[in-house]
Amino acid sequence: MAGLDLTGRTAIVTGASRGIGLAVANAIAAAGGNVVLTSRSQESADAAAAQVGGTAIGIAAHAVDEEAARRCVDVTLERFGSLDILVNNAGTNPSFGPIIDQDHARFAKTFDVNLWAPVLWTGLVTKAWMGEHGGAVVNTASIGGMAFEANIGLYNASKAALIHVTKQLALELSPKVRVNAVAPGVVRTKLAEALWKEHEQAVSASTALGRIGEPEDIASAVAFLVSDAASWITGETMVIDGGQLLGDALPFRQGAQLGV
C-alpha cells in the first residue's frame with residue numbers, strides 16, 4: 001500500500017533499545033524512514049541502531065531528561081533535516097501491589113516516565129518542527145489503562161491518563177499534528193515478563209487468538225498510524241491484544257467443542 005511508504009520521513013522512537021521500541025524502529029526503517037533510537041545509555045542506543053541498520057542512529061536520552069530530549073531533537077534535525085514522527089514508547093513500572101501501599105518515589109517515577117515524558121517530547125518536537133510542518137505522534141499506552149487489575153493499579157492509572165492526554169493533545173495540536181496511541185495487551189517484552197513468563201501457556205489459552213503478543217504485532221500498528229494510510233485518524237487508541245480485553249476465551253472454545 002503506497003500510503004505506508006515512509007521514505008524521506010524521520011522518526012524519533014524513545015525507549016527503543018529492545019522490545020516494542022526496537023520493533024517499531026525496525027518497522028519504520030523497513031518502510032523507508034530514518035530512525036533515531038533513544039535509550040538511557042549511548043552503548044545500548046548504538047547497539048539498537050546497529051540492529052536497525054541503514055541511516056538509523058542511537059542517542060542516549062533518558063525519557064524524562066529535558067536537556068537530553070532537547071539535544072536529541074536538535075541532533076535529529078541537524079542530521080536529517082526534518083522530524084516527522086515521534087513514538088513515545090519509553091515506559092516503566094517500579095510499583096507492585098495496592099495503590100495505597102506505594103510510596104511517593106514509585107508514584108512519581110511511574111507518572112514521570114509514563115505520562116510526563118510523552119508530554120515533554122511531544123511539546124519539543126511540535127515547537128521544533130511539527131507545529132509548522134505537520135507530523136504524527138504515537139503514544140504507547142496499554143489495555144491496562146482500560147481495565148482494572150490487582151497489583152499493577154498505579155501503572156494502569158498512568159496509562160489511563162496517557163490515553164486521556166492523547167485525546168487532549170490531538171485536539172490541541174490539530175490540524176497539523178495527529179496524535180494517537182496503541183494499547184498493547186500481554187506482549188513478549190522484559191517489562192511484561194511478570195504477566196507471561198511463568199505461565200505463557202495459560203495466558204495464551206485464555207486469549208481469543210491463542211497466543212501472547214510479539215513486539216512486531218505492535219510495531220505494524222504503529223507504522224500504520226504514522227503513515228498517510230492513517231491520515232484521517234487522530235485522538236484514537238488502537239487496542240492490539242489478541243482479544244484479551246474480551247475476557248477469557250476458554251469457556252467459549254469449550255462450548256464449541258461440546259456443540260453447545
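Is valine 75 buried, exposed or partly exposed? Select it and see: valine 75 counts as partly exposed, at 29% relative accessibility. Here buried means under 20% relative accessible area, exposed means over 50%, and partly exposed is in between (1.4 Å probe, protein chains only).

Before you go on, know that this is a predicted model, where local features need pLDDT of at least 70, side-chain atom pairs count only at pLDDT 80 or more, and totals for chains, interfaces and linings use all residues. Residues are numbered from 1 along each chain as its sequence is written, and side-chain values use heavy atoms, with hydrogens and water left out.

**Stop 1: around valine 75**

Valine 75 sits in helix α3. Helices (H or I, at least four residues) and strands (E, at least two) are DSSP runs, numbered from the N terminus. Contact means heavy atoms within 4.5 Å. Draw a C-alpha to C-alpha line from valine 75 to isoleucine 59 and you get 8.8 Å, for two residues 16 apart in sequence.

**Stop 2: the largest nonpolar core**

Next, select Ile12, Leu83, Leu86, Trp121, Met130 and Val179, which have the most contacts inside the 34-residue largest nonpolar core. Such a core is a set of buried Ala, Val, Leu, Ile, Met, Phe, Trp, Tyr and Cys residues joined through side-chain atoms within 4.5 Å. Colour β3 (57-60), α3 (66-80), α4 (104-133), α5 (153-172) and β6 (177-184), the elements that give two or more residues to this core. Its largest share, nine residues, comes from α4.

Zoom in on tryptophan 121. Leaving out residues up to four places away in sequence, its contacts include Ile12, Ala69, Cys72 and Leu86.

**Stop 3: asparagine 114**

Stay in helix α4 and pick asparagine 114. It is buried, with a relative accessible area of 1%. What does its side chain reach at 2.9 Å? The backbone nitrogen of threonine 92. That is a polar contact: a pair of N or O atoms within 3.5 Å where, within protein, one must be able to donate a hydrogen and the other to accept it, and residues adjacent in sequence count only if both atoms are side-chain atoms. Beyond its neighbours within four places in sequence, asparagine 114 is also in contact with others, including Tyr155, Ser158 and Leu162.

**Stop 4: aspartate 103**

Slide back to the loop between β4 and α4, where aspartate 103 lies. Aspartate 103 counts as partly exposed, at 35% relative accessibility. Its side chain reaches two backbone nitrogens: that of alanine 105 at 3.3 Å, and that of arginine 106 at 2.8 Å.

**Stop 5: helix α8 and strand β7**

Select residues 215-225, helix α8, whose buried residues include Pro215, Ile218, Val222 and Leu225. Which elements cover them? Among them are α1 (19-30), β4 (85-88), β5 (135-140), β6 and β7 (237-240).

In strand β7, click threonine 237. Threonine 237 counts as buried, at 16% relative accessibility. Not counting residues up to four places away in sequence, threonine 237 touches Met146, Ile163, Ala181, Val182 and Ala183.
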